[in-house]
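Try each task before reading its solution.

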Amino acid sequence: MSLRDRLLTSARRQRELVGRPPVETDPPPEPSSLETVRWFQQIAVWLELSGEQELRAWAEALDCPFLDTIEPSAVQHQFVQQVPIGFCRQHQIIAIDHPDHGPVFVYGQPSAGESLSNLERHLGLPLALAFSTPATIQNAINLAFERETDQTQRVLRSLQPGGNLAAVSLGERADLLDTDGQAPVVRLVNSVLFEAVQARASDIHVQPYESETKVRYRIDGVLFDVHVVPKTLQEEMLSRLKVLGGMNIAEKRLPQDGRASVKVGERVIDLRIASLPTNFGERIVIRLLDKSARVYRLPDLGYRDEILVRLQRLVQRDHGMILVTGPTGSGKSTTLYAALQEIDASQLNVVTIEDPIEYQLNGISQTQVNVKKGLTFASGLRSVLRQDPDIILVGEIRDRETAEMAIQSALTGHLVLSTLHTNDAASAITRLLDLGIEPYLAASCLVGILAQRLVRKNCPACKTLVDPPPEDLFSLGLSGSADKHFYAGIGCRSCRGTGYLGRFAVCELLTVSESIRDLIQRRATASEILTKGASEGLTTMREDGIRRVLAGETTCAEVARVTVGDLIES
């Protein structure tokens, strides 16, 4: 039986498998000049086959397997090392070691057959054939190339000065996985960015020194030295980053800010790039924002049940101001986004003013601050009030004008969510007063203040029972706790030897009661407000952290690192 006969028989069977009746019309003609692949595409249209059914028919006619799934770990390392990702995507081809079928080429388009012989000669590996859907193959390609973790070191070993700074078109998002054919300095920068994304880094620091340049990643809030770049490559690397961010590479005496967007497979990563002149060259810090990351809900953030219930009640209010406070990188924006997920945006008009817009929220109008064009938090908030909002999110209260506008919004029937940079919940009140807000206005509009810090979690893969040093126990007031158990990670590959993997929030939630309002109007100190809050059930961040230590979730040293001693006066 010829290949065309086998294909026609297999195609008819695929139609029967889904319970569809036979086609009454005659099949398309079979001119000898028409290649088999194009002819069978007409047959597939005639039989109304889906793309997957067409591929299954090919697999049956050629007596080779059809794979419903492809494990990224099965992809051949040699294949990933030698075949460019662009070629794999274009031809929908990947080579795997299948547990049942052995080494096979998996491809998702029959026309890729011509590429197989070239690949076999290039790799020196005669492989069998298999089929799968393009989506399955695309996912396997992305995940397999993401597993390559040593590409930056390989690039550094082979790199020579003189790379082309503009090898990637800046009009489109560069795919960090696709480095084939690009200039060495472009491959170096792409590799650094890719590895940072893979390591869950929030920031990349490119820091020049006298004789070298260090690349550092901030992972779970802590900086790690990752790569050392030769001094001879410093200027090219820094210039490439500035070109990527649309910055002026000729200006090296003034700080600059830039933005860019790149892809890692199907993920879109926004970059905020900031340069600062130093005595050994420009220092550049890159903030990474994963636009593809899911937006959390409040229950996903790990708050204690008591805090969670109170937060959810506050968010359901129809007016007032809720503040989230903490230093940069303490998860304030994540908490605000999670709070907005508790709101039914189909029945309420929710508007945000942010700098930058970190995540896209369905059903919510989001506005990006643009200081150069005159759109600040204060002016944007003034315009938002004319949009008939029910709920307003203000990214940050930075000055008196923004604070006054936010408070007026809260007093006129809107629920306002915003952030402040203060050490604890009570200090947020005194900060508003220091900005020039009248005490009676602050007392009238505030309904709740959440202060939080992010604490690293013990790595689940290497967590074990330990005896903490006496000084760590003393720092948290846990000396003499012989009957309690403490856990810590000892370091493994999963956590890069740190003993920690991921973070959670320790927090304190100050609900503004009538007695607290009275203290605000009397301009009480932060310590007096915190003491009153504690008498009404407030748990400080350090106390919350101690509870998490005793639950085995983190260590004494970590809680002591991110929290300060209680300000409550006895």
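The exercises below look at a helix and then at a sheet.

This is a predicted model, in which local features need pLDDT of at least 70, side-chain atom pairs count only at pLDDT 80 or more, and totals for chains, interfaces and linings use all residues. Residues are numbered from 1 along each chain as its sequence is written, and side-chain values use heavy atoms, with hydrogens and water left out.

**Exercise 1.** Find which residue caps the N-terminal end of helix 14, and which residues of this helix are buried.

*Solution.* 
- Step 1: look at Asp399, the cap, where a side-chain oxygen lies 3.4 Å from the backbone nitrogen of Glu401.
- Step 2: pick out the buried residues (under 20% relative accessible area, 1.4 Å probe, protein chains only). They are Thr402, Ala403, Met405, Ala406, Ile407, Ser409 and Ala410.
- Step 3: go past the helix to Gly413, whose phi is positive, near 95°.

**Exercise 2.** Work out in what order the 7 strands form the open sheet, and which are the edge strands.

*Solution.* 
- Step 1: trace the strands (DSSP runs of E, at least two residues). Their order is 13-12-14-15-11-16-19, with mixed pairing.
- Step 2: check the edges, strand 13 (365-368) and strand 19 (500-511), each of which pairs on one side only; two strands pair if DSSP finds at least two bridges between them.
- Step 3: inspect strand 11 and strand 15, which run parallel and are joined by 6 bridges. Among the partners, Gly320 is bridged to Leu415 in strand 15.

Key
Buried < 20%, exposed > 50% of the residue type's maximum accessible area, 1.4 Å probe, protein only. Helix = DSSP H or I, 4+ residues; strand = E, 2+ residues; numbered from the N terminus. Polar contact = N/O pair within 3.5 Å; in protein donor to acceptor, adjacent residues only side chain to side chain.
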